[in-house]
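The following paragraphs lead the reader through one protein model, from its overall form to individual residues. Please keep the sequence and the structure in view while reading.

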Amino acid sequence: MRFTSEQRLDDGVLEREFTLGEIPGTLWTPGPAPAPLILIGHNGGLHKRESRLVARARHSAAEYGYAVAAIDHPGHGGRPRSAVDEQARADLRRAMAAGEPVDEIFESFIGPLVEKAVPEWRTTLDALLALPEIGGPVGYSGMTAIGIRLAVAEPRIAAAGFFAGGYVPRAQREEARQVTIPLLFLLQWDDEGNDRQSALDLFDAFGTKEKTLHANMGGHAGTPWFEVDDGDRFFGRHLR
């Protein structure tokens, strides 16, 4: 892991950009003492510097004392997109404009994204846990499809918060039964891009006996800010 920049923010949080092979990331730490770690993720082609994600990370570090890390998934942020990815996105835009079914199109690029992103998260986790200012345990907060696979494959993940606003491939819907860690599941009741009943069925399928569903009115990007605090308190019960 190579740190490429650092700055001390006005809330006292140290923000550092890093690269790990081809993986670009950002790490926010509250101080020199070892802190529990939260991995925060995104989807939809967003950048690790997306404003809402950065605000969540800084709040969790400054107000709750977590170390927080984000990486750009393959084809996200400034990372190059393959011709296959570009074609899938073009097909998706065309199908949505025409009112055609889109599940198979989502399947064609979200499934491969999970297969690529989860090994990168695990490699990043190895490097992060070697830093003296990070002491574990580890939580994950972000994209559901990647989070399911990570929760199943990575025993160092102690708790997870999933956002129900994205497509979950068939393989991860089956894997949901193997998720046994504490889980907080956020659902926007009027999400224009996510079928409500599918999200509720997925919540029901999770194998953990400690799972909580928070549903709020509003569309895809309307998750209330208080859910950030609720999420940090959730992690406080399981990462401290």
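Helices (H or I, at least four residues) and strands (E, at least two) are taken here as DSSP runs and numbered from the N terminus. The model is predicted, and for that reason local features need pLDDT of at least 70 and side-chain atom pairs count only at pLDDT 80 or more, whereas totals for chains, interfaces and linings use all residues. Residues are numbered from 1 along each chain as its sequence is written, and side-chain values use heavy atoms, with hydrogens and water left out.

The protein chain contains 7 helices and 9 strands. Its radius of gyration is 17 Å, close to the 18 Å that the globule rule gives for 240 residues, so the chain is as compact as a globular protein of that length. The radius is taken over C-alpha atoms, and the globule rule is 2.2 Å times the number of residues to the power 0.38. Along its principal axes, the C-alpha trace spans about 50 × 40 × 30 Å.

Of the 240 residues in the protein chain, 52% are buried; a residue is called buried under 20% relative accessible area, exposed over 50%, and partly exposed in between (1.4 Å probe, protein chains only). A contact requires heavy atoms within 4.5 Å. Among contacts in the protein chain with a separation of 6 or more, 67% involve residues 24 or more positions apart. The chain exposes about 10900 Å², of which carbon and sulfur atoms supply 53%; these areas come from the Shrake-Rupley method with a 1.4 Å probe, and for residues only the protein chains shown count as cover.

The charges come next. The protein chain carries 26 positive and 34 negative charges, and their mean positions are 3 Å apart. In this count Lys and Arg are positive and Asp and Glu negative, while His and the chain ends are not counted; each charge is placed at NZ of Lys, CZ of Arg, CG of Asp or CD of Glu. Side chains of opposite charge can pair when their charged atoms come close. A salt bridge is defined as a side-chain nitrogen of Lys or Arg within 4 Å of a carboxyl oxygen of Asp or Glu, and by this rule there are 14 salt bridges.

Three of these pairs may be examined individually. Arg94 and Glu100 form a salt bridge in which the closest N and O atoms are 2.9 Å apart. Arg94 is partly exposed at a relative accessible area of 45%, and Glu100 is likewise partly exposed, at 38%. In the salt bridge between Arg170 and Glu107, the closest N and O atoms are 3.9 Å apart. Arg170 belongs to helix α5 (residues 170-175) and Glu107 to helix α3 (residues 103-128), so this pair ties together parts that are 63 residues apart in sequence. Arg170 is partly exposed, with 42% relative accessibility, whereas Glu107 is buried, with 16%. Glu154 and Arg156 also meet in a salt bridge, at 2.8 Å from N to O. Salt bridges with shared partners join Arg122, Asp126, Glu154 and Arg156 into one network.

The peptide bond leading from Gly136 to Pro137 is cis, with omega near -5°. Ser141 is buried, with 11% relative accessibility. Beyond its neighbours within four places in sequence, Ser141 contacts residues including Ile38, Leu39, Ile40, Gly161, Phe163 and Phe235. The C-alpha atoms of Ser141 and Gly231 are separated by 8.5 Å, although the two residues lie 90 residues apart along the chain.

Strand β9 (residues 211-216) includes Lys211, which is partly exposed at 26% relative accessibility. Apart from neighbours within four places in sequence, Lys211 is in contact with Leu183, Phe203, Asp204, Ala205 and Phe206. From Lys211 to Glu120, 91 residues away in sequence, the C-alpha to C-alpha distance is 26 Å.

The loop between β9 and α7 (226-239) contains Met217. Is Met217 buried or exposed? With a relative accessible area of 60%, Met217 is exposed. Between Met217 and Asp190, which are 27 residues apart in sequence, the C-alpha to C-alpha distance is 6.2 Å.
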